Amino acid sequence: SSSGESSTTTPDTTPEKKPNQTVTAAAFVTAKAGKNGAASASIPNKAVTDAIAKAQADAKAQGKTADGISVKLDVTLPKGTTSLTVVLTRSSLNGLVSAGVCSLEVNSTLVKVSFDKKALAEIKKQSTGNISIVIAPKKKLNKTARKIIGTRPVYDITVGYGSGKSVSNFGGGIATISIPYTLGKNEAVGGLYAVHVDVKGKATRIAGSAYDANSGCVIFTTTHF
């Protein structure tokens, strides 16, 4: 556990580049290195409350209160990180939901994950105590899934709470995932997409998923993990 050992800096606010002009405040957090490439970051309540307050103040100053606010957690990873656990306190989650935050984004060089307002409310409803957003590489796949995926990256992404419990669906809310990927020598941008591998190992194409050349990521949305 890295409780109390993650460092933060003052939130920074920038308008989100979206049509609704949501104002976003970013809190910067440095994750602590663990064993075997695992890193973890416990997000201090103050980092979240400061980001919410900063976004609200900027939205008011810019006359954009009707468009809502977003919070981004920019997590700096130690060298060699292969998996990340981000711990958010119950108090922070309650504050995000109470403030009506439109999006909570966990941004790292590993994978970027964001949850919309409805997903955040559902996570609060289904869980108790602190929550852990875990991004971990998945290496064991059955032959059918491995044939489709090949050597491309596979991640197990979970929203956990309590003792091994998890929130598997977002009640109609949406999570957006961005997975960095470098194109292979003979790979075409238009041919890349994301797949969901179920508990039986069956890989299914995720509708609407695509490779974004500007960010160098495969991006998709989902209503469940």
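Q: Why is Phe225 called partly exposed?
A: Phe225 has a relative accessible area of 24%, and since buried means under 20%, exposed means over 50% and partly exposed covers what lies in between (1.4 Å probe, protein chains only), Phe225 counts as partly exposed. This is a predicted model, in which local features need pLDDT of at least 70 and side-chain atom pairs count only at pLDDT 80 or more, whereas totals for chains, interfaces and linings use all residues. Residues are numbered from 1 along each chain as its sequence is written, and side-chain values use heavy atoms, with hydrogens and water left out.

Q: How many aromatic pairs are there, and what makes Phe115 and Phe170 one that is edge-to-face?
A: The count comes to three aromatic pairs. The rings of Phe115 and Phe170 lie 5.8 Å centre to centre with 80° between the planes; rings of Phe, Tyr and Trp (its six-membered ring) pair if their centres lie within 6.5 Å, and planes under 30 degrees apart count as stacked, over 60 as edge-to-face and the rest as tilted, so this pair is edge-to-face. Phe115 belongs to strand S8 (residues 112–116), while Phe170, 55 residues apart from it, lies in the loop between strand S11 (165–166) and strand S12 (175–180); strands (E, at least two residues) and helices (H or I, at least four) are DSSP runs, numbered from the N terminus.

Q: Are Phe115 and Phe170 buried or exposed?
A: Phe115 has a relative accessible area of 2% and is therefore buried, and Phe170, at 0%, is buried as well.

Q: Why is the pair of Phe170 and Phe225 called edge-to-face?
A: Their ring centres are 5.0 Å apart and their planes stand at 90°, so the pair is edge-to-face. This pair, too, links distant parts of the chain, with Phe225 in the segment after strand S16 (217–222). Phe115, Phe170 and Phe225 form one aromatic cluster.

Q: Which residues touch the most other members of the largest nonpolar core?
A: Ile43 and Phe115 do, in a core of 52 residues, to which helix H1 (residues 45–61) gives the most, with six residues. A nonpolar core is a set of buried Ala, Val, Leu, Ile, Met, Phe, Trp, Tyr and Cys residues joined through side-chain atoms within 4.5 Å.

Q: What makes the charged end of Arg205 one that sits over the ring of Tyr193?
A: The charged end of Arg205 is 3.8 Å from the ring centre, and the rule asks that NZ of Lys or CZ of Arg be within 6 Å of that centre and within 35 degrees of the ring normal.
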